[in-house]
Each structure stands twice: as structure tokens, then as C-alpha cells.
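Here is a short briefing on one structure. It covers the ligand shell, the domains and a helix pair.

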Amino acid sequence: MPAQTRANRPSLDAYWMPFTANRQFKAAPRLLVAAEGMHYTSEDGRRVLDGTAGLWCVNAGHGRRRIAAAVEHQLATLDYAPSFQMGHPIAFAFAERLGAIAPGGLDRVFFTGSGSESVDTALKIALAYQRAIGQGTRTRLIGRERGYHGVGFGGISVGGLVNNRRAFPLLPGTDHLRHTHDLARNAFVKGQPEHGADLADDLERLVALHGAETIAAVIVEPVAGSTGVLVPPKGYLERLREIATRHGILLIFDEVITGFGRLGAPFATDFFGVTPDLVTTAKGLTNGTIPMGAVFASRAVHDALMTGPENAIELFHGYTYSGHPVACAAGLATLDVYEEEGLLTRAAALQDHWHEAMHVLRGAPHVIDIRTIGLVAGIELAPRAGAPGSRAHAVFVDCFEKGLLIRVTGDVIALSPPLITERAQIDAMASMLGDALARAA
Ligand code: PLP
């Protein structure tokens, strides 16, 4: 195939782009045509430093030959095999490898095709579990304001972002904890903020309102990413765990972003030392190469469902692509790379440098908060009057044109580079972003 350039660009009309202002984008497109290591190449031949690991997923950096070779080999050996009442060895091998590093020892693994599918799977497992242990009145699912749990009907129902919810009917029987964002008390914090552990008591409020016997599970992102990087206050997750346990409510951590080394430990579960009952993952599971997700379940949850006659299907749930052999091959090779290069803990070594580099932007024009943890930063800008989000979007476009990929949600800029990043590249991100902020109106 000839190199993709502006001259041979395809028509942009047919592709309905996800989470994109389609008409604005197509009037001034930003196209990426190649990637290697820490950089993308844009359609016009520029190198663009990847400040976001794609969409929080390319943790080992781009163009990993080992993953490509494993995928090629698997495609040529066993391209697809069904997983319903049939199996293929590589899915079992991958689940076992994952079990060995499982968050909090949750070593029973259900494969899905994405983060959204992982979330809906975990919610359904929670409901099935409660029913299996004789708690069938527990059908309510609790999420949190500003939470993002993908785009399935389960995920948007427990999610807390209004734009993702307002056009759609939602699951009945959901409710939401208050979010933990508190600029007045917790601005410009490195790591976990001091104030707000008591916000976990909101679960007590919902128990008092609905009755514990109606609540199956509560789902939160340990560090909320897509809502603009919200770091849990010290003690918050511990308290949530304690209250959930006391009331027989399952705790689900959505680690689609935090899984696979983002915080400097393999999972946020390990980083915070708080063990939920179910963990949802995707993204970094295959280094973003082949779509795949996985739900990690405790043995207690798993075993409670392994009952009834042996010829009965225990959980009426699964996807055509659950345990897809090519995705499993990509995942196994990804784990090899992570383990050989120490990437699941590398963010811990970079953490201090990251904090310092990002917090240099304190005092840059428009910046009202900076939040950093692991290799994640949220840089919140003051919104333009009457046009929320437009300032951050302008910074995003400017950065891209100058050679840095950042991500924005509302007026929060999020950075989450591949875990292979060098310190000099972190400095470059901060400096390029600082220049863009200085130019921003
Ligand atoms: N959960 C969280 C915490 C996420 O950040 C995301 C995606 O960003 C999802 C779920 C949905 O994942 P996917 O886009 O793979 O469906």
C-alpha cells in the first residue's frame, strides 16, 4: 500500500465517528497514519508525541514487534474458535497468566471485547451472584456522579456524565454516590487529596434510603479518568469497602484505565491496598492492539455461581469474541513485554518526576487545578464564559499542531503517556503544554 498522505486521503463522509464533533472534525481533520514507540506520525508527516497512550491503552508504547508477531502467528494458526461449549488452549493460558497477577488475588477471569462489555458483564455477575446466594431482592446498582463506565445501557445507567445519559432511557433501580471532586479543599494536590474520605458515607445514605436488601453492587473507578482525573481522597476507598462489606453489597472497581501499571502498581487495587469483589479491565490488557476486556472475580463470587446440575450453563452471558484467540495472543505477548520491561511498576519510579514536571504548570494561564497520580495528570482550566470546554479544545488542537497529543474532557486536560516514557519526554510534554496554554485565549 502506498504511504497515506493528504493527497490520497479517502473521503471522510461515510465513517460516523464516535465521541466526535463529526462536522467540525471533517472540516479540519486530524489524521494519524503510523506510530512507533512514544510517537504518532500525522498524515502530513509530523511526529506527534503521544501524551495519552492512545486512549489510555497503549501502555507499552507503539509498534511492539513482539505483539505483532504473536498476533500474526495466532492468525495463521487458529484465527477464530467459538467459546460457547467449546474451548481453545490460548484462552485458558491467558486467563491463568492473568490470574497470577490478578488484582487483589481475584483470579477468576471472564473475557469480553471492551471496557463497556466488561462493565456490563460485572454488573450482571453481581446480580447473578446475589440471586445465587439467596439475595434475589438485591437488584439495585449504585454508581457515582461523574463516573464513566463505558456506553452500554448498564454502564451509562451507573455512569454519572449527563451528556452520555440524557438522550437514552436508563436501567431502573440505579442510584449514585456523590462525586469526590472538591476544588475548594483539594486543589493542586500531588497524589491523594486529604479531604473527602467521609464522602464514602454516601453509601450509608443510599442504604438508609433504599434498604441494603435492595442493593446488589456499587461500582466506582478507583481513579476516575474520563470525567477529568479525580483522585480518591485518602481513606475513601477503604471506607467504601468497609461499608459495602457491612451491608452485603459487592464492590466493583472499574480499572479499565487504572489497570496494567498506570498508577505504578499492576492495578489500582494493589496501589491503594483495597480489594473489591470484581474488577473490570480492557485497554492495556492487549496494549490497545486487539479489542479485548476482562473481568476479574473473587473465588467467592465465582464459586457461588458454580452450582446446580453439572450440565447446566451457570451464567447465561458471553460474547462471540469472549476469549478470542488472536486477542489472547496479543494479551500474552503484552504481558511478556510488561513483565520483561518492568512496565507494571515503572510509573512508580517516574512518579516524582511526573509530579514535579506537571505541577510546573501551576501559574500558567487559565490553570485552576493540577491533579497527579501514577502516570496520570488532570489539568483543569477555567472555562470561557458561556462556552465550557472550548478553551481546552483549542489547547488540544494547538498542541496537536505543534506535535503533542493530549486529551480533553470539558475543560480538563488529561495526560497519561505510555509507561515507556523517558523523563525528557515528560519534560517536553509539560513544556509544549505550557506554551499552548500561554497562547490560549
Ligand atoms: N470504564 C472506564 C473507567 C473507562 O475509562 C472506559 C473507557 O474509557 C470504559 C469503561 C469503556 O471502555 P470501552 O471504550 O473499551 O468500551
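Helix 5 (residues 115–132) gives the most to the shell around the ligand: three residues. The model is predicted. The shell holds 14 residues, and Ser114, Gly115, Ser116, Gly150 and Val256 come nearest to the ligand.

**Ligand shell**
- By class, the shell around the ligand has seven polar, five nonpolar and two charged residues.

**Domains**
- Contact between them involves 34 residues of domain 1 and 28 residues of domain 2.
- On the side of domain 1 that touches domain 2, at least two residues each come from helix 2 (53–56), helix 14 (343–359), strand 11 (367–373), strand 12 (376–381) and strand 15 (412–415).
- Helix 14 supplies the largest share of that side, nine residues.
- That side of domain 1 has 17 nonpolar, 12 polar and five charged residues.

**Helix 3 and helix 13**
- The axes of helix 3 (residues 65–77) and helix 13 (residues 325–340) come within 8 Å and cross at roughly 155 degrees.
- Angles over 145 degrees count as roughly antiparallel, so helix 3 and helix 13 are roughly antiparallel to each other.
- The crossing of helix 3 and helix 13 is right-handed.
- Helix 3 makes the contact through Arg66, Ile67, Ala70, Val71, His73, Gln74 and Leu75.
- On helix 13, the contact residues include Pro325, Val326, Ala329, Ala330, Leu332 and Asp336.
- The residues of this contact divide into 11 nonpolar, three polar and two charged.

Methods. Residues are numbered from 1 along each chain as its sequence is written. This is a predicted model: local features need pLDDT of at least 70, side-chain atom pairs count only at pLDDT 80 or more; totals for chains, interfaces and linings use all residues. Axes are lines fitted to C-alpha atoms, for helices over the stretch in contact, and angles run from 0 to 180 degrees between N-to-C directions. Helices (H or I, at least four residues) and strands (E, at least two) are DSSP runs, numbered from the N terminus. Angles under 35 degrees count as roughly parallel, over 145 as roughly antiparallel, 65 to 115 as roughly perpendicular and the rest as oblique. A crossing is left-handed if the near helix is turned anticlockwise from the far one by less than a right angle, and right-handed if clockwise. Two residues are in contact if their C-beta atoms, placed from the backbone, lie within 7 Å. Ala, Val, Leu, Ile, Met, Phe, Trp, Tyr, Cys and Pro count as nonpolar, Asp, Glu, Lys and Arg as charged, and the others, Gly among them, as polar. A residue is near a molecule or strand if its C-beta atom, placed from the backbone, lies within 6 Å of it.
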